[in-house]
Structures are given as structure tokens and as C-alpha cells.
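Biologist: I am new to this structure and would like to learn how to read its features. Could we go through them one at a time?

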Amino acid sequence: MTTPSFVIGIAGGTGAGKTTVARLVARSAGDSVTRIPLDNYYEDLSHLPVAEREGINYDHPSAFEWELVREQVSSLLDGTPIEMPNYDFEIHNRTDETTRVEPTDVVIVEGIFALYDDAIRDLCDLRVYVETDADVRILRRIERDVIERGRDLEGVIDQYLSTVKPMHEQFVEPTKKHADIIVPEGANSVAVNLLEERIRAEVTGTAGDWTRESIEEALGERVAADPDG
Ligand SMILES: Nc1ncnc2c1ncn2[C@@H]1O[C@H](COP(=O)(O)OP(=O)(O)O)[C@@H](O)[C@H]1O
Ligand SMILES: O=c1ccn([C@@H]2O[C@H](COP(=O)(O)O)[C@@H](O)[C@H]2O)c(=O)[nH]1
């Protein structure tokens with residue numbers, strides 16, 4: 001394993017296709033990639049009854065335990081395994097189990113706020129924002145929440161209008177400006193192939209960042225010096 005790992009942050013609104021993109025790009029690299037879903041890092045709400053947990057705003061940044069996210073992603077980058085929390089959407093809480101995650105060459109941090117926190121964003125080498133129209137996202141979410149997350153149609157619509165939509169506009173969408181790459185629609189084969197290619201280059205050690213020298217070599221001409229460098 002190479003240390004430090006190559007970290008990819010994949011953000012975007014609910015239903016945009018973040019998990020799908022992360023799973024597709026991770027699939028091709030097998031054991032070299034670890035996926036860290038930020039959903040696992042919602043604050044532990046065991047002290048609240050289920051009825052109260054249903055009323056929480058899960059689309060505000062304060063719903064997440066950021067200290068733990070920072071600590072665990074940093075541990076992986078230091079080469080130390082972590083015990084990642086598991087989350088159960090049906091009961092709006094963490095489960096009692098954790099998953100042991102070993103450090104790998106590539107770490108994918110994925111979630112609505114993957115590009116929100118300054119410290120996590122700084123740890124990312126590649127920042128991706130998955131952008132899908134709001135009407136498509138809500139249709140996908142209705143289907144998923146009803147089939148997989150034990151919700152009813154009325155509840156999904158109420159939650160969407162009261163918190164999901166306004167929080168998306170206030171906190172999630174503005175993080176798009178931090179992205180290196182914007183992926184339209186979610187499972188977009190061109191974008192997924194490019195990300196796979198980049199991961200392969202990282203894992204095989206053939207990736208490289210542009211330097212002034214390599215730009216000059218590629219263009220065959222002198223380029224201006226970086227005022228910061
Ligand atoms: N390009 C696409 N076309 C159609 N459906 C898609 C596409 N990308 C993702 N999906 C579907 O959209 C739904 C939500 O995707 P998911 O990855 O869970 O979103 P997110 O993690 O952003 O909430 C899933 O059912 C997934 O299969
Ligand atoms: O207990 C919970 C925790 C989260 N949510 C909703 O999940 C989405 C984020 O997950 P995606 O996979 O990106 O859609 C977020 O919009 C929360 O509203 C929940 O309903 N209950």
C-alpha cells in the first residue's frame with residue numbers, strides 16, 4: 001500500500017448518484033479501494049426515542065459527527081485501521097456494530113457533505129460533485145426510501161420540502177464550487193471510466209501532477225512562474 005493514500009471526495013445532493021458512482025469506480029480497483037460513506041457518521045442519537053429521531057434535520061451539517069470523520073479518515077491515511085460506525089436508516093441511528101476498515105491505496109469519502117468540511121476537503125486529492133436535476137433526485141429518493149429505507153410516500157415528501165430541499169440549496173449545492181470534476185446524472189459511463197483510469201494510475205504509481213517543468217515540456221514553451229510557488 002502507498003502512504004499516504006489517494007483520497008477522492010464524492011459529494012452531491014440526495015439521489016444524485018454518489019453511492020452508485022463510488023461503487024462503480026471502487027469495483028474496478030478491488031481491494032485497493034475503501035469506501036467511507038459519510039452517512040455512517042451521523043451523530044449517535046441513541047439517547048432519543050425513535051419518534052424524536054424521526055423529526056431531526058439530517059440535512060444540516062450539524063447532524064454529523066465531524067470530529068470522528070476527521071479522526072478516522074486521518075487514521076486511514078496514517079496507515080492505521082479504523083472501526084467505522086454502521087448506520088440504520090430505518091431507525092435513524094447507528095447500529096451496535098462497527099466495520100473494521102483497513103488502510104488502502106485509495107479512499108473514497110462519499111456523502112452529501114463530502115466537500116463541506118474544510119479539513120476533510122483538504123485531505124482530498126480529487127473532489128467530485130455529482131450533479132443531477134432536483135426533480136430526478138426526488139423521484140429516485142422516493143423510490144429508494146420507500147423500498148429500502150422503510151418510509152412512506154407522504155413522509156418522504158414532507159421531509160423533502162421541510163428540510164432536504166432547503167438544506168440542499170443552502171449547504172450542499174454551494175460545495176460544488178470546490179469540485180475538480182462535476183459528474184452529470186450519477187452513473188455516467190464517461191466520467192466513471194475517467195475516474196477508474198485515474199485510480200488505476202494511482203494504484204500503479206503512474207499518475208503525476210502537473211509541474212511547471214512538465215507543462216513546459218508538454219507545451220514545448222516557457223510558462224509563467226507560479227506567484228505562490
Ligand atoms: N445515471 C443514472 N441513471 C439512472 N439511474 C441512476 C443513475 N445513477 C444512479 N441512478 C440510480 O439513482 C438512485 C440513487 O442513486 P444513489 O447512488 O443511491 O444516490 P445518492 O448516493 O447520491 O443518494 C439509485 O437507484 C441508482 O441506481
Ligand atoms: O436517519 C436518517 C439519516 C439520513 N437521512 C437522509 O439521508 C440523506 C443522505 O443520504 P443520500 O444517500 O445521500 O440520499 C439525507 O438527505 C437525509 O435526509 C434520513 O432520512 N434519515
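Biologist: Leaving aside its neighbours within four places in sequence, which residues is Ala16 in contact with?

Modeller: Keep in mind that this is a predicted model. Beyond its sequence neighbours, Ala16 is in contact with Val130, Glu131, Thr132, Arg137 and Gly186. Ala16 itself is found in the loop between β1 and α1.

Biologist: Why does Ala16 count as buried?

Modeller: The idea is to count the C-beta atoms around a residue; 20 or more within 10 Å make it buried. Ala16 counts as buried because it has 28 such neighbours. Gly15, in the loop between β1 (6-12) and α1, is also buried because it has 23 C-beta neighbours inside 10 Å.

Biologist: What does the UniProt record say about this stretch?

Modeller: An unreviewed UniProt entry annotates a "binding site" that covers Gly12, Gly13, Thr14, Gly15, Ala16, Gly17, Lys18 and Thr19. The entry also places "domain: AAA+ ATPase" over residues 4-153.

Biologist: Which residues come nearest to ligand 1?

Modeller: Of the 14 residues around ligand 1, the nearest are Gly17, Lys18, Thr19, Thr20 and Gly186. Two or more residues of this shell come from each of α1 (18-27) and α5 (134-148), and α1 gives the most, with 3 residues. By class, the shell has 2 nonpolar, 8 polar and 4 charged residues.

Biologist: How do strands β3 and β4 run, parallel or antiparallel?

Modeller: Strand β3 (residues 82-88) and strand β4 (residues 93-101) run antiparallel, joined by 6 bridges. Glu83, for example, has Arg100 in β4 as its bridge partner. In the hairpin, with 4 residues between the strands, His92 takes a positive phi near 50°.

Terms used
Residues are numbered from 1 along each chain as its sequence is written. Chains are lettered from A and ligands numbered from 1 in the order in which they are written. This is a predicted model: local features need pLDDT of at least 70, side-chain atom pairs count only at pLDDT 80 or more; totals for chains, interfaces and linings use all residues. A residue is near a molecule or strand if its C-beta atom, placed from the backbone, lies within 6 Å of it. Ala, Val, Leu, Ile, Met, Phe, Trp, Tyr, Cys and Pro count as nonpolar, Asp, Glu, Lys and Arg as charged, and the others, Gly among them, as polar. Two strands pair if DSSP finds at least two bridges between them. UniProt positions are given in the numbering used here, feature names are shortened, and annotations may be inferred rather than shown by experiment. A residue is buried if 20 or more other C-beta atoms lie within 10 Å of its own, exposed if 12 or fewer, and partly exposed in between; C-beta atoms are placed from the backbone. Two residues are in contact if their C-beta atoms, placed from the backbone, lie within 7 Å.
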